[in-house]
Amino acid sequence: MMMKLFMPSSLSLFMSLKMKSLSYSNYTSRRMSHDILPRSPYHVLDPSPWPILMAVGLWGLAMTFICWANGVSCNMLLLGAGIAAMVVYGWTRDLVNEGTFQGFHTKKVQSGLTLGFILFLVSELMLFFSFFWGFFHSALSPSLEMGCCWPPVGIDCLDWSKAPLHNTALLVASSCTVTSSHKYLKAGNFNSAVAMLILTVFLSALFVKNQYGEYAWSSFTIADGVYGSCFFMLTGLHGMHVMGGTSGLLYCLVRMLARHFSSTHHLAYTFAIWYWHFVDIVWLALFFIIYIWGS
Amino acid sequence: MASSLCRTLLRSVRSPLRNTQRLLHTSARVSAKGINLGGGLEDHFKGNKEIEGQVPDLGGHAVGMERYEILCEMEGKDPWDMKPSTKQKGFGTRDNPHIVNSVYDRRLVGCICDEDTGQIQYFWLYKGEPKRCYCGHFFKIKEIGSSDFPQYPRDELIAMEQD
């Protein structure tokens, strides 16, 4: 899927005509806009088709879900998901090209990207915060319908000292290994960094396998009252975040093997590690609040 | 799509370090013939080779604007000229306007009229007559050329074209 950026050539011809009217010094090229080397640390992007295509793809995805939920045939709309997947590939490819291979990611650009990712993490935190609120709303004052007690009458809670404790150990260990991988990368030791990252991904795969086993053998479902809803919404959302974080770490593993990272500039990896630590902290909150306190 | 992705990945794993000519789908030429570091900057990392099993440091890995920034900082030069210029005493009258350096024939000026002010007065300054801000200070453009910034990359191709 090599989607060429067909827009820049026409747009830049137009821009070069406009540029001729101003008297530029020999600093800048009179030709294409993308030939003009910027004298500021900011990255002025070339015209890109990805945002609008992503919007189209996400629309298709949303419509597919709505049609599926209402029983309407949604076969054609599934291509929205395909478009979204292709846009993710193309956009990420452009991002890697601009940052790693063309060097546009100066200190200022890096700090902007960092701020954006921190805001994204805060938004994810808010998402979990809202579900924890819902849990506390029901758990702190259990209603008459569930027997005025928490856990509600009839719910067989999972024993926290078995699989959940194992999961906690796995996630904390994976946080440690990913941190050590980061330290190896910063120190310059390539092979150890890769090995530790592979170990991290392996540990997270064990976690997902454990959770799947818990889900398959659980005595209650998401439909079992407010306990079931809270439990499966929180752990399910967390599981999706683990899978997303693992795919991010795998992406970083591939890029690390392709030598995209230097010992000081490896923003994608930094962000993946922050995300992983976030996932770990949320699991610890889940473990102590839902599994231990809530049972 | 998957096969082309695999091909790209395999190609990049096998290719040598810092092969910047690989992917030029999008914009600026930072490694094409003619674009170099302008002669004003010395590439301190030239000649460093990759050590097997070692992660490259920033000097061995950075390209383009990022590399230019790093090399400028190593030599103590200012890469972006982003610091605010201070108003000198005695300047600002019609006869002695503040000199504003500019590459083009116009530049945006932001006058901090007073240290404690909460607003910055912005206005376009054009080549020619001095312009007065609301606070009374005069500004005048002085056009500068690339010779004033020897560390900026120069496009040799443009120089060749102008001949």
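**View 1. Chain A reads α-α-α-α-α-α-α-α along its sequence.** The secondary structure of chain A comes to eight helices and zero strands. Helices (H or I, at least four residues) and strands (E, at least two) are DSSP runs, numbered from the N terminus. This is a predicted model, where local features need pLDDT of at least 70, side-chain atom pairs count only at pLDDT 80 or more, and totals for chains, interfaces and linings use all residues. Residues are numbered from 1 along each chain as its sequence is written, chains are lettered from A and ligands numbered from 1 in the order in which they are written, and side-chain values use heavy atoms, with hydrogens and water left out. Of the 295 residues in chain A, 44% are buried. Buried means under 20% relative accessible area, exposed means over 50%, and partly exposed lies in between (1.4 Å probe, protein chains only). Now take the contacts in chain A with a separation of 6 or more: 73% of them join residues 24 or more positions apart. A contact means heavy atoms within 4.5 Å.

**View 2. UniProt marks transmembrane regions in chain A.** The unreviewed entry places this feature at residues 49–69, 76–92, 112–136, 190–208, 231–254 and 266–293. UniProt positions are given in the numbering used here, feature names are shortened, and annotations may be inferred rather than shown by experiment. In the model, residues 49–69 of chain A are 95% helix and 0% strand. The end C-alpha atoms of that span lie 30 Å apart. Residues 231–254 of chain A are 100% helix and 0% strand. Here the end C-alpha atoms are 34 Å apart.

**View 3. Helix 3 of chain A covers residues 79–101.** Helix 3 has 23 residues. From first C-alpha to last it reaches 31 Å, close to the 33 Å expected at 1.5 Å a residue. The expected span of a helix is 1.5 Å times one less than its number of residues. Just after helix 3, Gly103(A) takes a positive phi of about 75°.

**View 4. Helix 7 of chain A covers residues 225–257.** Helix 7 has 33 residues. Its first and last C-alpha atoms are 48 Å apart, close to the 48 Å expected. Arg259(A) follows helix 7 and has a positive phi, near 65°. Arg259(A) also lies over the face of Phe190(A), at 4.0 Å from the ring centre. A charge sits over a ring if NZ of Lys or CZ of Arg is within 6 Å of the ring centre and within 35 degrees of the ring normal.

**View 5. Thr114(A) lies in helix 4 of chain A.** Helix 4 covers residues 107–140. Is Thr114(A) buried or exposed? Thr114(A) is buried, with a relative accessible area of 18%. Not counting residues up to four places away in sequence, Thr114(A) touches Leu267(A), Phe271(A) and Trp274(A). Tyr89(A) is 25 residues from Thr114(A) along the chain, and their C-alpha atoms are separated by 21 Å.

**View 6. The structure holds 28 aromatic pairs over all chains.** The ring centres of Phe135(A) and Phe136(A) are 5.6 Å apart and the planes stand at 65°, so this pair is edge-to-face. Rings of Phe, Tyr and Trp (its six-membered ring) pair if their centres lie within 6.5 Å; planes under 30 degrees apart count as stacked, over 60 as edge-to-face and the rest as tilted. Phe135(A) is buried, with a relative accessible area of 1%. Phe136(A) is partly exposed, at 29%. Phe220(A) and Tyr227(A) form an edge-to-face pair, 5.3 Å centre to centre with 70° between the planes. Phe220(A) is buried, with a relative accessible area of 3%. Tyr227(A) is buried, with a relative accessible area of 3%.

**View 7. Chain B has an open sheet of three strands in the order 1-5-4, with mixed pairing.** Strand 1 and strand 4 stand at the edges, each with a single partner strand, so one side of each has no neighbour in the sheet. Two strands pair if DSSP finds at least two bridges between them. Strand 1 (residues 98–102) and strand 5 (residues 138–143) of chain B pair in the parallel sense over five bridges. Val100(B) stands opposite Ile141(B), and Asn101(B) stands opposite Lys142(B).

**View 8. Strand 4 and strand 5 of chain B form a hairpin.** Strand 4 (residues 131–132) pairs with strand 5 in the antiparallel sense over two bridges. Lys131(B) has Phe139(B) in strand 5 as its bridge partner. Five residues lie between the two strands. In the turn, Gly136(B) has a positive phi of about 110°.
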